[in-house]
Amino acid sequence: MPKTILRVDKVPDILAERLSLDYTVYEYQKLGAEALNAIAGEIEVILASGESKVDATLINQLPRLKLIAVFGVGYDGVDTRAAFARNIQVTNTPNILTDDVADLGIALMLAVSRQLVGAQKFIESGDWQTGNYPQTRKVSGSRLGIVGFGRIGQAVANRATGFAMQIAYFDKYPNENSGFTYYPDLIELAGNSDVLMVCASGGTDSAKLINSDVLAALGDKGVLVNIARGSIVDEHALVDALIHNVIAGAGLDVFADEPHVSRELLNRDNVVVTPHIGSATRATRAAMATLVIDNIAAFYADAPLLTPVAK
Ligand code: 8YV
C-alpha cells in the first residue's frame, strides 16, 4: 500500500515538494466527491494548516485515517473529538513559531499606537510639505492586557517588559510564577488596559470572547490587537466600536472569514491589518515544514510523534 496523504489546504511549496518525494499526496480541493471516494480507503494521513477545517464528516469518510498533521500551532479547525474517538492522532507545530507571532503582536501594537501606516501615507501624499502629522499615543509605560497567557501570551509579556509596560493577563487559571497581574474577569482586564492583546487559542470556548462589552470596557483610549484567531473577536462589534470611536484603534493579523476582510476595517488610520502572517518568516516556516515532515515520518516509522496534541 503506498503511503498516501490527503492535503486539505495550501502549505508552503517547500513542504509540498518535500512530501511529494516520499509520499503520494492528493489535494482535497482538486478532488471531486467521486475521486475522493475512490481513494478514501488509501488515506492514512491528513495534512492541514492552522486555518483548515477538518470536520467529523471528512474524518469519518476515511476508514484508514490515523494521523492529522497540522502545519500550525492552532488546531481549532480540527474536530479533535471525532479524531480521538477513532484513535486518530493529531500533531501541530508549537514553540517554533512563538517568537515570530509575539514579535508581530508588538509590531501591531506599536504600529497602531504610533499610527505608522497613517504617518507613511502622510509623507507619500505630500502632506508633510504643509503641516505636521498629528501626535499619537505613548506605548512605553502604558498598561498591556493579555488575553490568553499560554506560550505566545507569555512571549508578548516578556517583550513588553522591555517597554516598561504594566502587564496583566486573563486566562482560565493564574500563572503563579509569572509575576504579572491576573484578572479572572476579562471585562475588568479590558477596563484596566491601554492595549488589549488577544493571544488565546481558537475554538468554541473562546468564540466571540471579545464582544461589545469588552470593547466598551477597553474604552476610547484603548487599542485592540489580535494575533490569535479571528473567531475570538466579534467582528461586527469591533467594526461598530471603531466606527463609533468606542475604542481608539485595532491591529489585526487574523479575521473572522479569511481571506475576506470587512471593508469597514480598511483604509483607517487607526486600524492596521496584516494577512495572517504571524508565523510567516522564512526561518520559522521552514522549521514548521521540517517538524510536519518529521511527525509524518515518525508516524510511518511507528516511532513516537514529536509534537502530538494531548487527548
Ligand atoms: C499559520 C497559524 O498561518 O500556527 C497557527 O495556528 O495560524 C499560523 O501559524 C498557518 O497554520 C499556516 O497556514
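Biologist: In this predicted model, which side chain meets Arg7 in a salt bridge?

Modeller: The criterion asks for a side-chain nitrogen of Lys or Arg within 4 Å of a carboxyl oxygen of Asp or Glu. For Arg7 the N to O distance is 3.4 Å, and the partner that provides the oxygen is Glu27.

Biologist: How many residues apart in sequence are the parts that this pair ties together?

Modeller: Arg7 belongs to strand β1, residues 4-7, while Glu27 belongs to strand β2, residues 24-27.

Biologist: Which residues are joined with Glu27 into one network?

Modeller: Glu27, which is partly exposed at 30% relative accessible area, also meets the side chain of Lys30 in a salt bridge at 3.4 Å, N to O. Lys30 is exposed, with a relative accessibility of 67%. Through shared partners, the residues joined with Glu27 into one network are Arg7 and Lys30.

Biologist: Which residue does Arg64 meet in a salt bridge?

Modeller: Arg64, partly exposed at 25% relative accessibility, has a salt-bridge partner at 3.3 Å, N to O, namely Glu44. The pair links distant parts of the chain, with Arg64 in the loop between α3 and β4 and its partner in the loop between α2 and β3. At 12% relative accessibility the partner counts as buried, and its name is Glu44.

Technical notes
Residues are numbered from 1 along each chain as its sequence is written. This is a predicted model: local features need pLDDT of at least 70, side-chain atom pairs count only at pLDDT 80 or more; totals for chains, interfaces and linings use all residues. Side-chain values use heavy atoms; hydrogens and water are left out. Helices (H or I, at least four residues) and strands (E, at least two) are DSSP runs, numbered from the N terminus. Buried means under 20% relative accessible area, exposed over 50%, partly exposed in between (1.4 Å probe, protein chains only).
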